[in-house]
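Trainee: Could you show me how to read a protein structure? I'd like to go feature by feature.

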Amino acid sequence: MKIVAVTACPTGIAHTYMAAEALEKAAKQLGHKIKVETQGSIGIENKISKKEVDEADLVIFAADVAVKEESRFKDKPIYKVEAQKAIKNAKAVVEDALKILQK
């Protein structure tokens with residue numbers, strides 16, 4: 001599967017990047033490709049391109065604040081979770097997100 005994800009937290013510092021790293025590691029361990037965009041205190045980093053959105057099977061938002069430019073993902077299945085949940089158990093987040101494709 002190809003997954004794109006956005007991580008964000010209120011201050012946009014630690015949890016944003018911790019969630020991104022955890023999701024990247026978990027998705028790769030499960031055999032999936034992932035690109036994670038962070039929306040932090042310095043703005044959007046590692047921005048997901050239109051092509052990457054188009055090619056993605058699934059979108060994960062691990063965010064405690066509104067995702068900027070959320071409309072980019074409107075035609076894709078989106079799984080939303082708090083950033084802290086992604087940090088604590090990213091593997092379960094990825095597995096749960098994949099379940100929405102089976103519905």
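Mentor: Two strands pair if DSSP finds at least two bridges between them. Helices (H or I, at least four residues) and strands (E, at least two) are themselves DSSP runs, numbered from the N terminus. Here, strand E1 (residues 2-8) and E4 pair in the parallel sense over six bridges.

Trainee: Before we go on, what sort of model is this, and how are residues numbered?

Mentor: The model is predicted, so local features need pLDDT of at least 70 and side-chain atom pairs count only at pLDDT 80 or more, while totals for chains, interfaces and linings use all residues. Residues are numbered from 1 along each chain as its sequence is written, and side-chain values use heavy atoms, with hydrogens and water left out.

Trainee: Okay. In what order do the strands sit in the sheet?

Mentor: The order is E3-E2-E1-E4-E5, five strands in an open sheet with mixed pairing. Strand E3 (43-45) and E5 are the edges, each pairing on one side only. From one strand to the next, the twist averages 15°. For such angles, axes are lines fitted to C-alpha atoms (for helices, over the stretch in contact), and angles run from 0 to 180 degrees between N-to-C directions.

Trainee: How do I read the two faces of a strand?

Mentor: In a regular strand the side chains alternate between the two faces of the sheet. Take strand E5 (residues 78-81): Tyr79 and Val81 make up its covered face, Ile78 and Lys80 its uncovered one.

Trainee: Which residues of H4 are buried?

Mentor: First, the cut-offs: buried means under 20% relative accessible area, exposed over 50%, partly exposed in between (1.4 Å probe, protein chains only). In H4 the buried ones are Ala90, Val93, Val94, Ala97 and Leu98. They lie on the same side of H4 because they cover an arc of only 130° around the axis, where the arc is that of the directions from the helix axis to the C-beta atoms. As a rule, an α-helix has 3.6 residues a turn, so residues three or four places apart point the same way.

Trainee: And what covers those buried residues of H4?

Mentor: The cover includes E1, H1, E4, E5 and helix H3 (83-88). Helix H4 (residues 90-99) lies across E1, E4 and E5, at about 135° to E4.

Trainee: Can we zoom in on a single residue? Is Gln39 buried or exposed?

Mentor: Gln39, in strand E2 (residues 33-40), counts as buried because its relative accessible area is 4%. Next, look for polar contacts: pairs of N or O atoms within 3.5 Å where, within protein, one must be able to donate a hydrogen and the other to accept it, and residues adjacent in sequence count only if both atoms are side-chain atoms. The Gln39 side chain makes one with the side chain of Glu37 (2.8 Å), and it reaches the backbone nitrogen of Lys68 at 2.7 Å.

Trainee: What does Thr16 touch?

Mentor: Contact means heavy atoms within 4.5 Å. Not counting residues up to four places away in sequence, Thr16 touches Thr7, Ala8, Cys9, Thr38 and Gln39. Thr16 belongs to helix H1 and is buried, at 0% relative accessibility. A polar atom of its side chain lies 3.1 Å from the backbone nitrogen of Cys9.
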